[in-house]
Amino acid sequence: MNKSKDNDQTFVIKILDDLRSNNNRTKSSGMRYDTSMMSSNDSLLLSNKRRRSCSPDLQESILTPITSPWESRRIKQELINARAEIASLQERNKTLFNLKKESDILFEKEKSALEHNINKSKLTIDQLDNRLKEIRYEKSNLKEENDNLMKKLESLMEENRSYTSNLEKENKELEDKLTSVTLELTKYQNESASRNCTDYELNELKKTLRSNEKYIEELTSNLRKKQIEINTLENDQVKMNTANQRIKCLENELASLQESAMVVNAQREKLKRFNSMENELISLREEVAIYRNDVKQTEILENKVATLESKLNKHELIEKEAMQLRSSLAVSEDRLKTWIDVCREVCENVTETQCYPEYLRYYVDNLKKKDLLLVNEKGELQTSIARLELKLKQMEAMLLKAREQLIIGTNNNNKNELTIKRLKKQNYIITWERNDLRELLDSFQKEVTVIGNMNGEDTRIEVLEKAINGYKLRMNQIETDPSMYVPIDNNKRWIDEKNLLLKEKEELINKYKQLEAKCIDLNDQIDHRALKGDFNLKETKVLHFKMNPASEGFNHYQNELAKAKQEIEKLKERIKAMQEGISMNLTQVVDNRVETNASQEVEGLKEKLKSQEIQNQRLREVFKKSSQEFRESVYTLLGFKVDGLQNNMYRLTSQFAFHEEDNLMFQLNEGSMNLLETPFSKTIEEMIALHLGQQRSIPVLLSSLTIDLFSKQSMIMTADSTRLESAIN
Amino acid sequence: MATKQQSQNAITLKGSAKLVMDYLNFGINSILFQRGIYPPESFKTEEHFGLSILVSTDSKIQQFLQPVLNQMKDWLLEQKIQKMSMVISNVNTKEVMERWDFKLQYEGSGDSNPDSVGNKELTTIQKEIRDVLRQICSTVSFLPLLDCPCAFDLQIYTKPDVDVPQEWSETAPSYIANSQELQLRSFSTSLHRMDTVVSYKADF
């Protein structure tokens, strides 16, 4: 296993076998420790120790066969990982230990709480028991009382009954007696008429009667007393009923208390069971700890197995790659050989030693350069060809243009030739005509000369001259008018025009017919419209008498409708009022309501009110404005600010007053103004005495006051100004 | 002798206008009676054009008709009237139920010369008027029943340059939706020609 190793695979398998054996060992040791475990914590520590003891074995087993450094590194890494795992596990162990402690503390707390609860419930049970006893005692007492009362009641009732029956009997007897006595009395009375002696008897009888009556009265009073007693007994019965009800309530309470006692018992039993349950819990916890340990160990081992399996897979993959590389190597060698052959073939003057890819590359590069040069040359040549082609095209276009011009020129030439011919012909005709006319003229002239002084010749000559002039004009016209050049197709034109005119005529005739038909149709329509009551709005006015029966009828109808509506409203209100139960002044009430309900009237009045208010406001504004203006003007003109106060008081403040408080108060009293005393008026008592006391004139007082104040103020002002001037100087 | 005959056959413009107004008066009265717009008790029979015609004795109607016809006569002499419509409408809804159009055409010379004379005999004119009045009476047989409270109005279609008196006012023309018309006979006084048309609401 250690030294003789030929294969990697076998080596890995051996490692695996080793691991398995180790695993088994650890498992067995774990089991051993389980049996001898004292507490979960100790067992964990022990297992850790065991693992440590295991690890050097493993290291030896892994380290010894290593030949490559890579594997040694791997194993070292594994070792480090394992140590880290161990550390983490230790930490976990600690946390678990802490958890356990915490849970123990919690358990104890819970236990104490439960015990406390039990004590409490015991106390309550005792209390409830005491109460139960009391209630039972009360109940028995009440029952006894009740029984006694019932008995008493019954006895009293019986007594009463017997007593009443006796009384009734007595009463009857007495009544019988009374009747018999009265009968006797009547008899005696009858007899007394005849006999006086019977009077005495009668008196006696009367006395007995009185005594009897007294007896009856006593009996009736007794009866009343008895009845009162009966009433008291009835009251007692009612009390008894209430007592019974209370007993029932107490019984219910008793039942509930018994139930609570049952509950307490059940809780007690549970408490008894608690200790055993605690023991069980401890044992179960221990078991759980053991199982947890086992689970952890198995997890560790499984992890290790998984890592080893992944390693194995990697190795297999590497092997496959190696195979592929070998095969590719063979293929590439073949290719190399072919390349060398190619090189040899291409580069003839090359020995086998020189046959390297560099040389081939150099050769290829040379070829590429040559190719590039050739391509450049080709491009240049192509550009020159394109240029030449362009030039050719331009030349061709020029040629075409020249040809077109040539054709146009020849055409013009032909036309010109034709016109020249025509003109020559015309010229010929004209010359011919001219010659003719000259001849004519000559002949006329000859005639003139021959005839000489014949009468009226002058006029004739004049006429002829006019004719000649006319001919000349005509000639000019002919020479100038271009329409005379083509006098050949005149006839055709005439025919065409005629045809056209004929067509137009036909069209017009058709149109005329259509329009006529339309006109007739429209006339019919107008007639129909006229029948329907249509008329020309522009040329007519529709008038009617204002007071016509129709409008009167409409108005009458409207009035009636309004009246009817009003009446309906009234009646509705009446019905409402009747439903509300108003019977007094029904019509008056209804009228009032209708008036109040007349919403239209109300709205109208509201609108009026609004407008009135607006008007009022405007008036107020205007008044304010005007009064302000008035006051301002008074202020500026008379030098006094006049404030109207309550109770017909007026406050006058001078324009020149030193302070705002310097004012005079006047009161209007039955048409006369009275000056009231103010702090300011005290200061001008002299003035008041002079102007009011002697002169009896308020305006004079005011004006003198103004002058006084003005002079004072202006003095101050001048003093100020002089002071200022002096300061400036 | 010749002049006498001339005067016998002649009819003046005023006479023609009076004839036309008479026709209108009796026509309107007989329509009012025939169509039952006013109670029949308020009508009395009168002899006109050789016909016994029922004329209303209701003072209100007479107070309305007289000034209207007088005014119309004036306008007729001035050749201002184109036509006169008698509109019968429902009082409650103002719906037009029936319309009688009396269309006027001015014959003879175009100008409104008061001295122009016609040459038609009075008897023939009266006969023509009688025929038309008879026809008006006979229309009751086919005109729809007016089963609602109705009132009538007279609308005169004049030329726009007419002077409108104070008691008169302009109004809107009245039309009947879905109407049917019947043209009655026309008569002519050789100065005026009168066409009578009745339009009424079709039942369907």
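Modeller: Helices (H or I, at least four residues) and strands (E, at least two) are DSSP runs, numbered from the N terminus. By that rule, chain B has four helices and 10 strands, in the order α-β-α-β-β-α-β-β-β-α-β-β-β-β along the sequence. This is a predicted model, in which local features need pLDDT of at least 70, side-chain atom pairs count only at pLDDT 80 or more, and totals for chains, interfaces and linings use all residues. Residues are numbered from 1 along each chain as its sequence is written, chains are lettered from A in the order in which they are written, and side-chain values use heavy atoms, with hydrogens and water left out.

Biologist: Why is Asn25(B) called buried?

Modeller: Buried means under 20% relative accessible area, exposed over 50%, partly exposed in between (1.4 Å probe, protein chains only). Asn25(B) has 13% relative accessibility, so it counts as buried. Asn25(B) belongs to helix H2 (residues 13-34) of chain B. Across chain B, buried residues are 49% of the 204.

Biologist: What is Asn25(B) in contact with, leaving aside its neighbours within four places in sequence?

Modeller: Contact means heavy atoms within 4.5 Å. With those neighbours left out, Asn25(B) is in contact with Leu65(B), Gln66(B) and Leu69(B).

Biologist: How many residues of chain A and chain B are in contact with each other?

Modeller: On the chain A side there are 23 residues, in contact with 41 residues of chain B. The area buried between the two chains is about 2900 Å², and carbon and sulfur atoms give 60% of it. Buried area here is the accessible area (1.4 Å probe) that two parts lose on being put together, summed over both. In chain A, Lys541(A), Leu543(A) and Phe545(A) lose the most area to chain B, together 26% of what that side buries.

Biologist: How many salt bridges does the rule find across the interface of chain A and chain B?

Modeller: A salt bridge is a side-chain nitrogen of Lys or Arg within 4 Å of a carboxyl oxygen of Asp or Glu. Across this interface the rule finds zero. On the side of chain A that touches chain B, two or more residues each come from helix H7 (490-532), strand S1 (541-545) and helix H8 (549-580). H8(A) gives the most, with six residues.

Biologist: What makes residues 378-405 of chain A a helical span?

Modeller: That span is 100% helix and 0% strand, and its end C-alpha atoms lie 41 Å apart.
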